[in-house]
Amino acid sequence: MLFSFNELKDKEVIDKQTGSRIGYVDDVVMNFDGRGIESIVVFGRPRAFGILGREDDLVIDFCDIDLIGEDTILVSLTNSRICTKEKRFELKNLLK
């Protein structure tokens with residue numbers, strides 16, 4: 001199944017174990033050596049309407065994605081990592 005960046009961006013990410021809503025796909029980390037997508041990134045939620053910044057980004061490895069459906073992406077957050085603001089410069093925003 002093939003997806004464009006715009007189609008991935010519109011999908012909601014949900015933790016399969018807890019059923020909680022994580023957010024929407026905001027960025028994709030790709031490997032251009034033939035492996036394709038390495039991980040998806042969900043930006044942290046804004047604090048105080050963005051005045052106080054936002055929480056750290058969540059980077060979800062592609063192996064942690066269980067299902068990509070029509071409207072949602074089901075993930076297991078066992079190996080996912082938090083991307084702190086210092087590491088955020090490494091991620092190129094490919095979806096805009």
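Me: What makes F49, I51 and L52 a nonpolar surface patch?

Reply: These three residues make a nonpolar surface patch of about 470 Å², where a patch takes residues with over 30% relative accessible area and no salt bridge, and joins nonpolar side chains (Val, Leu, Ile, Met, Phe, Trp, Tyr) within 5 Å and like charges within 9 Å. A salt bridge here is a side-chain nitrogen of Lys or Arg within 4 Å of a carboxyl oxygen of Asp or Glu, and accessible areas come from the Shrake-Rupley method with a 1.4 Å probe, with only the protein chains shown counting as cover for residues. The model is predicted, so local features need pLDDT of at least 70 and side-chain atom pairs count only at pLDDT 80 or more, whereas totals for chains, interfaces and linings use all residues. Residues are numbered from 1 along each chain as its sequence is written, and side-chain values use heavy atoms, with hydrogens and water left out.

Me: Why is L52 called exposed?

Reply: L52 has a relative accessible area of 60%, and exposed means over 50%, buried under 20%, and partly exposed in between, so L52 is exposed. L52 lies in the loop between β4 and β5, strands being DSSP runs (E, at least two residues) numbered from the N terminus.

Me: What makes β5 largely enclosed by the rest of the structure?

Reply: Five of the five residues of β5 (residues 57–61) are buried, so the strand is largely enclosed. In a regular strand the side chains alternate between the two faces of the sheet. In β5, D57, V59 and D61 on one side and L58 and I60 on the other are all buried, and both faces are therefore covered.

Me: How do you know that β4 and β5 pair?

Reply: Two strands pair if DSSP finds at least two bridges between them; four bridges join β4 (residues 36–42) to β5, and the two run antiparallel. One of the partners in β5 is I60, which is bridged to I40.

Me: Why are β2 and β6 called edge strands?

Reply: The open sheet of four strands has the order β2-β1-β7-β6, with mixed pairing. β2 (21–24) and β6 each have a single partner strand, so one side of each is left without a neighbour in the sheet. β6 (residues 65–68) pairs with β7 (residues 72–75) in the antiparallel sense over three bridges, and a hairpin joins β6 to β7 through three residues.

Terms used. Buried < 20%, exposed > 50% of the residue type's maximum accessible area, 1.4 Å probe, protein only.
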